[in-house]
Amino acid sequence: MIDGDERAREYLEIDALLDGEPVDPHVLRVALNDLGMRDYLIEALLLRRVAREGDLPRTVVAASARPRLVRVAGWLAAGIVLTLGIGAAYVQGRRAHPAPASVEISWLEPQAPAATRVIRLEPGVNWTTENRNR
Amino acid sequence: LGVGGVIDGRERSLKADILFAAHRDPVFRYLCRIVGQRDASDLTQEVFLRIARSQVPDDTAEGVRAWVFRIARNLALNHQRDTKRQPMRVDLTDVARPAAQETSMALTEALERLAPLDRDVFLLREAGGLSYDDVASSCGISRDAVRARLHRARQQLRAALQPLTWEG
């Protein structure tokens with residue numbers, strides 16, 4: 001008569017075999033001699049198949065096998081939208097703010113940003129104390 | 001944002017891309033069994049968004065996979081808690097394989113009857129493809145507990161699906 005613990009251990013060895021985990025060859029050999037254990041192994045494999053593939057929707061399968069053409073078309077569409085957007089913005093901008101006659105000159109001369117704060121340096125001021133924030 | 005920050009950002013983005021390519025399908029399968037197909041799509045995106053914003057752990061491939069699935073599991077649990085839906089809802093669209101569809105639906109119903117942690121362990125192993133150590137890490141339980149719970153889940157599912165044929 002097979003002990004319950006021994007039987008449980010054999011099941012766990014079948015599980016380990018099934019899951020690619022380390023196995024005890026001796027226990028596994030004994031387990032695989034049992035028809036019930038072999039049935040368990042086969043049914044667990046089929047269970048895995050259902051769990052992994054049984055309900056994968058077609059949309060997902062199609063998405064994972066999506067051809068490069070779809071991605072290229074996506075980028076192309078994005079490029080067209082971007083180009084049209086920039087063009088429309090440019091035309092709108094020119095209408096709202098017509099370019100002055102001296103536009104070439106002003107473009108060629110980048111202007112420094114305006115100063116946001118003027119600090120007057122005075123001799124004898126202790127800058128490490130509360131005067132720092134003046 | 002300095003040059004270092006830009007490089008960090010790009011490296012993070014690259015790692016997220018690699019993880020997305022490697023784990024998208026298993027993560028989706030796992031989530032699909034828990035929250036259903038429609039929500040699984042959104043949650044899968046959320047998983048990888050979080051990954052993109054996170055620092056990928058400096059670990060082995062298995063360790064990183066366990067980390068990815070820990071995020072997926074937490075999101076799924078939060079989703080279930082927030083929506084208070086039934087834990088299992090799978091939308092089946094494969095009309096060409098009615099036998100497989102029937103089996104899949106039976107599996108879904110049987111999964112609903114499992115203890116939540118047994119179900120998680122089973123799905124992380126079977127739908128996600130995680131090793132015992134990775135499942136243990138993802139669920140915060142010992143390796144021996146994973147083995148015991150996985151076996152119990154398999155036995156219960158096997159018993160529940162016995163009347164069905166396995167063909168298809």
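## Cysteines and the model

A search of the whole structure finds 0 disulfides over all chains. A disulfide here is a pair of cysteine sulfur atoms within 2.5 Å. Cys32(B) is buried at 1% relative accessibility. Cys139(B) is buried too, with a relative accessible area of 12%. Buried means under 20% relative accessible area, exposed means over 50%, and partly exposed lies in between (1.4 Å probe, protein chains only).

This is a predicted model, where local features need pLDDT of at least 70 and side-chain atom pairs count only at pLDDT 80 or more, while totals for chains, interfaces and linings use all residues. Residues are numbered from 1 along each chain as its sequence is written, chains are lettered from A and ligands numbered from 1 in the order in which they are written, and side-chain values use heavy atoms, with hydrogens and water left out.

## The two chains

Chain A has 6 helices and 0 strands. Its elements run α-α-α-α-α-α from the N terminus. Helices (H or I, at least four residues) and strands (E, at least two) are DSSP runs, numbered from the N terminus. Chain A holds 134 residues, and 21% of them are buried. Of its contacts with a separation of 6 or more, 32% come from residues 24 or more positions apart. A contact means heavy atoms within 4.5 Å. The accessible surface of chain A is about 10600 Å², and carbon and sulfur atoms hold 62% of it. Such areas come from the Shrake-Rupley method with a 1.4 Å probe; for residues, only the protein chains shown count as cover.

Chain B has 7 helices and 0 strands. Among its 168 residues, 46% count as buried. Of the contacts in chain B between residues at least 6 apart in sequence, 68% join residues at least 24 apart. Chain B exposes about 8400 Å², with 51% supplied by carbon and sulfur atoms.

## Aromatic pairs

There are 3 aromatic pairs over all chains. Rings of Phe, Tyr and Trp (its six-membered ring) pair if their centres lie within 6.5 Å; planes under 30 degrees apart count as stacked, over 60 as edge-to-face and the rest as tilted. One pair is Tyr11(A) with Tyr40(A): the planes stand at 80 degrees with centres 5.0 Å apart, so this pair is edge-to-face. Tyr11(A) sits in helix H1 (residues 4-18) of chain A and Tyr40(A) in helix H3 (residues 35-54), 29 residues apart. Tyr11(A) is buried at 14%. Tyr40(A) is buried at 0%.

Phe20(B) and Phe48(B) form another edge-to-face pair, 5.0 Å centre to centre with 90 degrees between the planes. Phe20(B) belongs to helix H1 (residues 3-35) of chain B, and Phe48(B) to helix H2 (residues 37-53), 28 residues apart. Phe20(B) is partly exposed at 34%, whereas Phe48(B) is buried at 8%. Leaving out residues up to four places away in sequence, Phe48(B) touches Leu19(B), Phe20(B), His23(B), Arg24(B) and Val27(B).

## Salt bridges

The structure has 18 salt bridges over all chains. Each is a side-chain nitrogen of Lys or Arg within 4 Å of a carboxyl oxygen of Asp or Glu. Arg48(A) and Glu126(B) meet in one at 2.6 Å, N to O. That pair crosses between chains, from helix H3 of chain A to helix H5 (residues 116-126) of chain B. Both residues, Arg48(A) and Glu126(B), are buried.

Glu126(B) also bridges to Arg154(B) at 2.9 Å, N to O. Arg154(B) lies in helix H7 (residues 143-161) of chain B, 28 residues from Glu126(B). Arg154(B) is buried at 1%. A network of salt bridges links Asp15(A), Asp19(A), Arg48(A), Arg125(B), Glu126(B) and Arg154(B). Elsewhere, Asp134(B) bridges to Arg65(B), with the closest N and O atoms 3.6 Å apart. Asp134(B) is in helix H6 (residues 132-139) of chain B and Arg65(B) in helix H3 (residues 61-83), so the bridge ties parts 69 residues apart in sequence. Asp134(B) is buried at 6%, but Arg65(B) is partly exposed at 23%.

## A nonpolar patch

Leu76(A), Ile80(A) and Leu84(A) make a nonpolar surface patch, together giving about 320 Å² of accessible area. Patches are made of residues with over 30% relative accessible area and no salt bridge; like charges are joined within 9 Å, and nonpolar side chains (Val, Leu, Ile, Met, Phe, Trp, Tyr) within 5 Å. Leu84(A) lies in helix H5 (residues 68-96) of chain A. Leu84(A) is exposed at 58%.
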